[in-house]
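Visitor: I have a model open in my viewer and would like to learn how to read it. Could we go through it feature by feature?

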Amino acid sequence: MSDPGVESADSSSLSPEQRLEPPNTRLINAGIVTINDMETLRACVAYENANQQRIPILRRLKDRASEIRAQDD
């Protein structure tokens, strides 16, 4: 049963910072998996490149881009 006082978060409204800066890697992975469009993905790549430049995160973003492209075909 859902609590009427709690709104569900729309994953498309998350900023790149919210997706890529949680305190644990499971939340980062969840933020990446919920990216459904190339515009959001590009924003996340730009954010990561401008801030921490973590290779594992950039790899996950690259893999997600491949998945999105495959879905579009």
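Guide: Gladly, and let us begin with handedness. A crossing is left-handed if the near helix is turned anticlockwise from the far one by less than a right angle, and right-handed if clockwise. Keep in mind that this is a predicted model. In it, the crossing of H3 and H4 is left-handed.

Visitor: At what angle do H3 and H4 pack, and how far apart are their axes?

Guide: The angle is about 165 degrees, and the axes lie 10 Å apart. Angles over 145 degrees count as roughly antiparallel, so H3 is roughly antiparallel to H4.

Visitor: Which residues make the contact between H3 and H4?

Guide: From H3 come Met-38, Leu-41, Cys-44, Val-45, Glu-48 and Asn-49. H4 brings Ile-57, Leu-58, Leu-61, Arg-64, Ala-65, Ile-68 and Arg-69. Sorted by class, the contact of H3 with H4 has nine nonpolar residues, one polar and three charged.

Visitor: How do H2 and H4 pack?

Guide: Helix H2 covers residues 25-33 and helix H4 residues 55-72; they meet at an angle of about 25 degrees, again with a 10 Å separation of the axes. An angle under 35 degrees counts as roughly parallel, which means that H2 is roughly parallel to H4. This crossing, of H2 and H4, is right-handed. On the H2 side the contact involves Ile-28, Asn-29, Ile-32 and Val-33, while H4 contributes Ile-57, Arg-60, Leu-61 and Arg-64. In the contact of H2 with H4, five residues are nonpolar, one is polar and two are charged.

Visitor: Let me step back to the whole chain. How many helices and strands does it have?

Guide: The protein chain has four helices and zero strands, so along the sequence the pattern reads α-α-α-α.

Visitor: Now for single residues. Is Leu-61 buried or exposed?

Guide: The general idea is a cut-off: buried means under 20% relative accessible area. Leu-61, which sits in helix H4, has 0% relative accessibility and therefore counts as buried. Leaving aside neighbours within four places in sequence, Leu-61 is in contact with Ile-32, Ile-35, Leu-41, Cys-44 and Val-45. For a C-alpha to C-alpha distance, take Leu-61 and Arg-42: they are 8.9 Å apart in space and 19 residues apart in sequence.

Visitor: How would you read Thr-40 with the same cut-off?

Guide: Thr-40 belongs to helix H3, residues 38-50. Its relative accessibility is 16%, so Thr-40 counts as buried. Beyond neighbours within four places in sequence, Thr-40 is in contact with Arg-19 and Ile-35.

How values were computed. Residues are numbered from 1 along each chain as its sequence is written. This is a predicted model: local features need pLDDT of at least 70, side-chain atom pairs count only at pLDDT 80 or more; totals for chains, interfaces and linings use all residues. Side-chain values use heavy atoms; hydrogens and water are left out. Helices (H or I, at least four residues) and strands (E, at least two) are DSSP runs, numbered from the N terminus. Axes are lines fitted to C-alpha atoms, for helices over the stretch in contact, and angles run from 0 to 180 degrees between N-to-C directions. Angles under 35 degrees count as roughly parallel, over 145 as roughly antiparallel, 65 to 115 as roughly perpendicular and the rest as oblique. Contact means heavy atoms within 4.5 Å. Ala, Val, Leu, Ile, Met, Phe, Trp, Tyr, Cys and Pro count as nonpolar, Asp, Glu, Lys and Arg as charged, and the others, Gly among them, as polar. Buried means under 20% relative accessible area, exposed over 50%, partly exposed in between (1.4 Å probe, protein chains only).
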